[in-house]
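Subject: Structure handover

Hello,

I am passing on the structure we spoke about, with notes on what was found in it. Please look through the sequence and the coordinates first and then read on.

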Amino acid sequence: MTIDRQTAFGAALAAGLLVLTSAASAGPPAPQAAYTAMSPEELADYLIFEAGGFDLNAPTQDGGTARDRMVQDRIQKVCSAIGRSGKALDRATAAKISALAEESMVFPEGGIVLGDWKRGEKIARSGFGYRIGRDTDDHTREPPGGNCYACHQLDPKEIAHGTVGPSLANYGTLRGTNDAMLKHTYQILYNAHLFFPCTTMPRFGEHGTLTAEQIADVMAYLLDPASPVNQAALPTAETAQAARD
């Protein structure tokens, strides 16, 4: 999953934390025991907000600051609270999150259509965009990508892919390209919380990470019969299960 701005920002924070770790080893501001008593989330909060481990006033590509990106919206607040509690997401809360996601949905004025799968392939492979810190991404030099391979298998021949999300190999072959599937795929890319409440999938449309044209291109990469994504000879057990879901 670029990536969602939160995800991109997470990468930048990770770089900041490494810097802080080096500084802390030279002279930690608090006893080491205090660190070990913290949960991973508490430690991250401490390092970022109290120990000055990251420049929260750093400007971002969208005109705000790093601190602005840390402000959670309603969906993020609920999902973060559930995650920290260790409890399972109950059906009532999941339904509320899905409703919020549906409210956020904006469809293209000209209808949902497929773009160019070759451009979509480039977007899926690109992790460029929204990163700040030592090497801030310059969006005038290159448009942000979707970084889809970080979490999913798409082209069956691609061996360097993540497994956070399900395999999407043969996505179009297994599902077809009727209007209902086009809408379903668009909604997942725009705001996946509609179908998967509290997912880690970036909200490419709602957050403006990808433009409407880019989303159409990624959809083509997933659904166009000529796309490498749909060139596998036979579905694997994993993709067969994905088709049934």
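A residue counts as buried when its relative accessible area is under 20%, as exposed when that area is over 50%, and as partly exposed in between. The word "buried" is used in that sense for several residues below, C151 among them, which has a relative accessibility of 8% and is therefore buried.

Please keep in mind that this is a predicted model. The mean pLDDT of the chain is 86, and 81% of the residues reach 70 or more. Residues 1-26 have a pLDDT below 50, and this stretch makes 63 contacts in the model beyond near neighbours in sequence. Where pLDDT is low, the predicted coordinates should not be read in detail.

Cysteines

How many disulfides does the model have? The count comes to one. C79 and C198 form this disulfide, with 2.1 Å between their sulfur atoms. The pair links distant parts of the chain, 119 residues apart: C79 is in helix 5 (residues 74-85), and C198 is in the loop between helix 9 (179-191) and helix 10 (212-223). The torsion about the S-S bond is about -90°, so the disulfide of C79 and C198 is left-handed. As for accessibility, C79 is at 17% and counts as buried, whereas C198 is at 25% and counts as partly exposed.

C151 is accordingly in no disulfide, the nearest cysteine sulfur being that of C148. C148 has a relative accessibility of 11%, so C148 counts as buried, and C151 at 8% is buried as well.

Salt bridges

The structure holds 11 salt bridges. I describe some of them here.

R69 forms a salt bridge with D62, and the closest N and O atoms are 3.2 Å apart. R69 is buried, with a relative accessible area of 6%, while D62, at 39%, is partly exposed.

R119 takes part in a salt bridge with D116, where the closest N and O atoms are 3.9 Å apart. The side chain of R119 also meets that of E213 in a salt bridge, at 3.7 Å from N to O. R119 lies in helix 7 (residues 117-125) and E213 in helix 10, so this pair ties together parts that are 94 residues apart in sequence. Through shared partners, salt bridges join D116, R119, E213 and D217 into one network.

Are these residues buried or exposed? E213 is exposed, with a relative accessible area of 51%. R119 is partly exposed at 39%, and D116 is partly exposed at 28%.

H207 has a relative accessibility of 17% and so counts as buried. In sequence H207 and N191 are 16 residues apart; in space their C-alpha atoms are 8.7 Å apart.

Backbone angles

Most residues other than glycine have a negative phi. Which residues have a positive phi without being glycine? Y130 is one of them, with a phi of about 70°. Another is N147, where phi is near 55°. Y130 is found in the loop between helix 7 and helix 8 (171-175), and N147 lies in the loop between helix 7 and helix 8 too. Y130 is buried, with a relative accessible area of 6%.

To recap the main points:

- The disulfide is between C79 and C198, and it is left-handed.
- D116, R119, E213 and D217 form one salt-bridge network.
- Y130 and N147 have positive phi values.
- Residues 1-26 have a pLDDT below 50.

Regards

Definitions and conventions:
Residues are numbered from 1 along each chain as its sequence is written. This is a predicted model: local features need pLDDT of at least 70, side-chain atom pairs count only at pLDDT 80 or more; totals for chains, interfaces and linings use all residues. Side-chain values use heavy atoms; hydrogens and water are left out. A disulfide is a pair of cysteine sulfur atoms within 2.5 Å. Helices (H or I, at least four residues) and strands (E, at least two) are DSSP runs, numbered from the N terminus. Buried means under 20% relative accessible area, exposed over 50%, partly exposed in between (1.4 Å probe, protein chains only). A salt bridge is a side-chain nitrogen of Lys or Arg within 4 Å of a carboxyl oxygen of Asp or Glu. pLDDT is the predictor's confidence in each residue, from 0 to 100. Contact means heavy atoms within 4.5 Å.
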